[in-house]
Amino acid sequence: MKRRLGLIALALAAVALAVAAAMIRGASPDSASAASHREAPLISYTPAEDLTDVFMFRSYEAGNQDTVVMLMNVNPFSEPSGAPNYYNFDPNATYTFNVDNNTDGLADIRFEVNFTTEIRGVVRALGLPFAYAALPPITALDGAGSEGLGLRQKYTVRMITQPGRGRPGGLLSGTQDRFAVPSNVGPRTMPNYPNLASQGIYQLGGNVRVFAGQRQDPFYIDLGGVFDTLNLARNPPLLSPAEDAAEKNAFGVDALSGFNVSTIALEVPASLLTGDGLGSAATAQPAIGMYASVSKFLAGVQGAGSGRGVGAFTQTNRMANPLVNELVIGTVDKDRWNSVTPDQDLQFAQYVLNPRLATAFELLGLPGTGCVPAVGVVNLLPGAQAAQCSKTNRIDLVNALLKYNPADAAPTGDFLRLNLKLPVTTPLASQNRLGVAAGDLGGFPNGRRPKDDVVDLAIRLVGGPAYFTARAGDGINVDDFQLPATFPFLATPSDGINRVHLDRRDPVFAPPPFLGGP
Amino acid sequence: MTRRLALAGTVAALAATVFLLGGALSPAEEAQPAPLASSNAVAEQSLEGFRVGDTPALVRRLQAVLRSRPDDIDSLSALGFAYLQRARETGDPGYYPKAEAALRRTLTLRPGNALATSGLGSLALSRHRFREALRLGRRARALAPKTAANWGIVGDALVELGRHKEAFRAFDAMVRLDPDLPSYARISYARELLGRPGAAVRPMQAAVDASGFEPEPYAWTKVQLGKLFWSMGKTEAAAREYRGALTFFPGYVYALDALAQSEAAQGRYGRAVRLAKRAAEAMPLPQMITTLADTYWASGQRRLARQQYGVMDAIARLLKANGVRADLDLALFDVDHGIRLPRALAAARRAHRERPSLDGDDVLAWALARNDKCGEALHYSKRSLRLGTRDALKFFHRGMIERCLGRESNSRAWFSKALRQNPHFSLRWAPVARRYAR
């Protein structure tokens with residue numbers, strides 16, 4: 001989710017991408033004839049590998065509470081009108097959910113998703129220069145009604161387990177085609193998008209459900225304000241008790257309003273994940289850690305990957321806890337952080353122990369920062385405070401981000417951690433955006449649900465007790481779209497002609513009513 | 001990506017440039033002072049409304065910005081790249097001096113600017129000035145060692161200078177820095193040069209997949225993949241890729257040109273001539289003129305074929321006037337068509353000094369052979385095949401040299417080898433190979 005910052009120039013994103021694509025990747029083709037050289041394009045940008053958010057929670061859908069839902073989002077800031085090619089997954093990438101089920105900080109189970117792309121249909125027959133066309137309207141992902149889908153992606157889902165664990169594993173997606181749900185082009189091309197999208201939910205082997213395709217970006221944040229060193233719409237950015245408790249925005253706007261992302265969603269029976277193979281009620285190993293990663297096909301001339309086969313893969317991106325790479329890891333180490341596995345995270349501990357964001361808060365004249373005391377719940381929160389915890393030695397943050405249990409001798413790395421024994425908060429309306437900090441044990445940092453306000457929580461956790469007391473936050477408490485309570489738990493994306501990007505100059509937007517919904 | 005993150009609030013201005021140039025430069029490496037905040041607005045203005053294929057509009061906007069702020073280095077370097085892209089789109093070498101002026105001025109205003117240095121490296125490659133490209137690429141790489149593109153410039157130049165080991169090391173470093181279309185395509189090309197066309201298919205397919213299905217990169221990679229199949233004698237697979245490119249990018253000149261060769265090779269001359277004419281009219285580069293001339297010639301229209309020789313002369317002058325070194329292409333054309341052979345040999349020798357690549361070796365060998373200097377020709381032919389490249393045209397040239405040296409059975413073996421590799425390797429010479437192979 002490196003995107004948050006990079007795309008500060010919001011208005012530029014779409015056009016800039018077009019420029020980058022047209023102008024730079026634009027080839028400089030020379031002939032392959034004897035007397036010339038071939039000058040391939042030199043520069044690239046790959047948003048489809050750019051993870052924006054990762055979620056993990058026990059399903060709050062009726063009857064499915066013994067399953068764990070994992071989501072990863074890519075394609076930051078997908079502008080719904082981004083014709084003609086819209087947004088796809090990267091066929092050269094492997095998208096992986098990495099699950100640790102024995103708290104040793106190493107992945108025990110991986111779910112790998114791979115895409116292929118085909119150019120097809122009416123679009124091809126007519127030679128139209130578009131990936132999608134309205135001829136005829138697109139009402140299906142395959143067969144009749146899918147003719148207008150000029151560019152279509154299929155995918156496979158593979159479960160990989162450590163040898164000897166006796167798990168089913170293997171190719172969960174079977175031999176049938178599984179289609180990614182295309183971008184929401186608009187009502188003429190896709191007259192019933194929710195119906196089209198629902199065709200993209202597949203039941204796989206092992207009772208796993210999967211969805212891959214476009215969704216509304218569930219992240220809500222006054223992006224520009226937060227990254228302009230907390231230059232928020234209220235100064236100082238503090239909420240009243242009533243504002244803090246309300247499911248509406250206190251000030252500012254959701255800078256991600258009207259933008260979409262591409263989502264891969266998995267719903268997996270808890271018993272498929274746990275170390276002892278038991279469900280959430282019975283398992284003796286309820287702590288599950290997860291991070292998402294994107295790895296890229298790597299071929300070489302002479303060294304590794306120079307063989308003829310699939311070649312090697314190299315990890316280009318990973319994410320677990322929100323905002324870690326954005327707000328915590330120093331600029332010079334961001335790429336390296338992305339390329340390693342969480343068991344290597346100890347090298348980055350100094351960034352966590354002495355967070356620059358906290359320094360920035362104090363420079364702004366905000367309340368003094370400090371350690372967050374033990375909240376006294378579960379093993380997933382800042383634990384019993386070590387005496388030596390201080391502003392420049394934030395053991396509490398290490399405990400929160402990098403450990404399963406504060407008592408653990410060494411950090412295990414950045415994982416999103418979920419305790420399967422803790423109750424699911426249902427219905428959706430009863431979930432508290434502040435999660436565990438507000439007594440809602442089903443929310444962040446016990447996993448992360450789409451509704452959780454990780455921005456306010458990050459500000460308060462990094463700031464310390466005074467920030468909790470004063471209710472610091474970005475003023476954005478709720479997404480611009482209403483979240484659905486069913487798989488894949490993210491809302492129908494904005495279409496290309498009805499999207500609304502909110503602006504600070506607009507009147508304060510306080511849903512409900514929402515701009516859109518499931 | 002993290003590189004974009006590094007921009008943070010204070011350097012938002014740079015974001016525009018980085019996007020514009022697709023991240024040619026990692027901001028972390030950009031040691032220069034952050035651009036003025038106002039240049040963000042400037043860049044924004046420039047980019048507003050820009051769409052794929054609308055480089056002329058971008059050029060106009062950047063020019064307008066520079067009229068009021070002549071020292072805005074972001075706009076200036078962007079303009080340099082925009083001119084390079086215009087040259088790619090139109091084939092008009094007149095854009096090269098303009099690109100050079102913009103990039104050089106950027107360097108004058110900000111000496112040691114990695115982006116402009118990189119741009120000049122690309123420009124030198126486009127002008128086939130490979131020693132210069134190597135120098136510039138290395139300078140850019142020293143300024144921005146984590147920028148994959150700079151390794152690409154260095155590698156490309158080294159390939160053309162015949163220094164393949166170093167070149168392939170650069171490509172390997174490049175793909176590790178940024179496994180994407182540019183590096184995949186180079187890995188594929190390297191494997192092809194090493195005589196492993198089968199192993200070159202997967203990375204070129206990866207390059208297609210990495211195109212983001214934007215018309216031009218998609219079409220470019222599809223054509224490259226098609227030519228790879230073509231070089232393996234897989235005529236149908238090649239034509240499929242060319243047509244795929246045209247589906248997504250109707251009128252794409254390089255696909256028209258490739259498809260013309262494919263149609264002509266299968267005896268469909270009417271279609272071939274129509275395609276080749278469209279390509280040559282849209283972008284009169286040596287490659288397109290050669291195809292058109294050979295298509296006319298193969299279809300028996302010798303007079304029309306010869307008319308193209310004059311066109312080629314005019315193009316040669318135009319390229320030279322804009323700083324492009326096209327000796328190799330022009331020498332090959334003259335040698336192939338039996339025009340002014342001694343002059344062509346001199347040009348081939350000159351080209352070889354500048355560009356001792358496998359192709360440089362091959363063209364020189366062929367020019368020597370056609371001037372009855374077959375002993376010396378053999379030396380260069382062996383050089384041109386020293387990596388084990390499976391290139392039917394190079395096999396054919398070797399066959400002609402062996403024949404000229406009176407080594408009949410050797411020569412027949414090379415002709416057969418050429419035809420086995422690709423029975424349609426040349427409109428002009430494949431029939432000759434068939435005749436002599438018997």
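A residue is called buried if 20 or more other C-beta atoms lie within 10 Å of its own, exposed if 12 or fewer do, and partly exposed in between, with the C-beta atoms placed from the backbone. By this count, buried residues make up 59% of the 518 residues in chain A, and 63% of the 438 residues of chain B count as buried. The model is predicted, and local features need pLDDT of at least 70, side-chain atom pairs count only at pLDDT 80 or more, and totals for chains, interfaces and linings use all residues. Residues are numbered from 1 along each chain as its sequence is written, while chains are lettered from A and ligands numbered from 1 in the order in which they are written.

Helices and strands come next. Both are DSSP runs numbered from the N terminus, helices being H or I with at least four residues and strands E with at least two. Chain A has 14 helices and 12 strands, whereas chain B has 25 helices and 0 strands. Two residues are in contact if their C-beta atoms, placed from the backbone, lie within 7 Å. Among contacts between residues at least 6 apart in sequence, 68% in chain A join residues at least 24 apart; for chain B the figure is 51%.

Two packed helices are described by the angle between their axes and the distance between the axes. Here axes are lines fitted to C-alpha atoms, for helices over the stretch in contact, and angles run from 0 to 180 degrees between N-to-C directions. Helix 4 (residues 55-68) and helix 5 (residues 73-90) of chain B pack at an angle of about 155 degrees, with their axes 9 Å apart.

A nonpolar core is a set of buried Ala, Val, Leu, Ile, Met, Phe, Trp, Tyr and Cys residues joined through C-beta atoms within 7 Å. The largest has 146 residues, and those with the most contacts inside it are B:Ala255, B:Ala331, B:Ala367 and B:Phe396. Apart from it lies another core of 71 residues, among them A:Ala197 and A:Leu418.

A:Thr46 lies in the loop between helix 2 (13-25) and strand 1 (53-58) and is buried, with 24 other C-beta atoms within 10 Å. Leaving aside its neighbours within four places in sequence, A:Thr46 is in contact with A:Asp90 and B:Asp180. A cis peptide bond joins A:Asn235 and A:Pro236, with omega about -5 degrees, and another joins A:Phe444 and A:Pro445, with omega about 5 degrees. Phi of A:Asn75 is near 60 degrees, a positive value in a residue other than glycine. A:Asn75 is found in strand 2 (residues 67-78) and counts as buried, with 27 C-beta neighbours inside 10 Å.
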